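Me: Please take a close look at one part of this model, the packing of a pair of helices, and at the core around that part. What does the geometry show, and which residues are involved?

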Amino acid sequence: MEFIAKTPQDLSYIAVQIKPLIMKYQITAFYGAMGAGKTTFIKSIVQVLGSVSDVSSPTFSLVNEYALPNDKFIFHFDFYRINDIAEVYDMGYEEYFYSNHLCLIEWPERASEILPHDVLNVKIEVLTGDKRLIIIERPDAIA
């Protein structure tokens, strides 16, 4: 599944379109170069899911928590500064990944060995200016 976002405002529309997949798979991994718009897209997704939390990149804390209605949460990870996979183990990632709450992960390639197999992948490619190609890969569609 592919989308073209011509402006940052298009991200909300795309977030609405992929909301059922995010809910189904619970863990979504966001791939893209620095500045591709991973955090910006996650902000749109968090809003579409019903959170009124202020979304920011958890680069230094590794994880931010956003409240959803019905006592649910979104855990937003940023593994960019991970130097050793032991840091992810030390933070107790399993409590988050297997909590039955949504997990949105930036820079998942830095901790790929601990990701479950049924992760929804979102790849963001910079085309020109604000224009982005967003590719959604479901685990059951990957050969």
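Reply: What follows covers the helix pair, then the nonpolar cores.

The model is predicted. Helix 1 spans residues 10–25 and helix 2 spans residues 38–48; their axes lie 9 Å apart and the packing angle is about 65°. Angles of 65 to 115 degrees count as roughly perpendicular, and helix 1 and helix 2 are therefore roughly perpendicular to each other. Their crossing is right-handed. On the helix 1 side, the contact is made by L11, S12, I14, A15, V16, I18, K19 and I22. Helix 2 contributes T40, F41, S44, I45 and V48. By residue class, this contact of helix 1 with helix 2 has 9 nonpolar, 3 polar and 1 charged.

The largest nonpolar core has 27 residues. Within this core, the residues with the most contacts are I22, F41, I45, I74, L104, I134 and I136. Two or more residues each come from helix 1, helix 2, strand 1 (2–5), strand 3 (63–68), strand 5 (102–106), strand 6 (120–128) and strand 7 (131–137). Helix 1 gives the most, with 7 residues.

I136 is in contact with M1, F3, I18, L21, L120, N121 and V122, leaving aside its neighbours within four places in sequence.

Notes. Residues are numbered from 1 along each chain as its sequence is written. This is a predicted model: local features need pLDDT of at least 70, side-chain atom pairs count only at pLDDT 80 or more; totals for chains, interfaces and linings use all residues. Side-chain values use heavy atoms; hydrogens and water are left out. Axes are lines fitted to C-alpha atoms, for helices over the stretch in contact, and angles run from 0 to 180 degrees between N-to-C directions. Helices (H or I, at least four residues) and strands (E, at least two) are DSSP runs, numbered from the N terminus. Angles under 35 degrees count as roughly parallel, over 145 as roughly antiparallel, 65 to 115 as roughly perpendicular and the rest as oblique. A crossing is left-handed if the near helix is turned anticlockwise from the far one by less than a right angle, and right-handed if clockwise. Contact means heavy atoms within 4.5 Å. Ala, Val, Leu, Ile, Met, Phe, Trp, Tyr, Cys and Pro count as nonpolar, Asp, Glu, Lys and Arg as charged, and the others, Gly among them, as polar. A nonpolar core is a set of buried Ala, Val, Leu, Ile, Met, Phe, Trp, Tyr and Cys residues joined through side-chain atoms within 4.5 Å. Buried means under 20% relative accessible area, exposed over 50%, partly exposed in between (1.4 Å probe, protein chains only).
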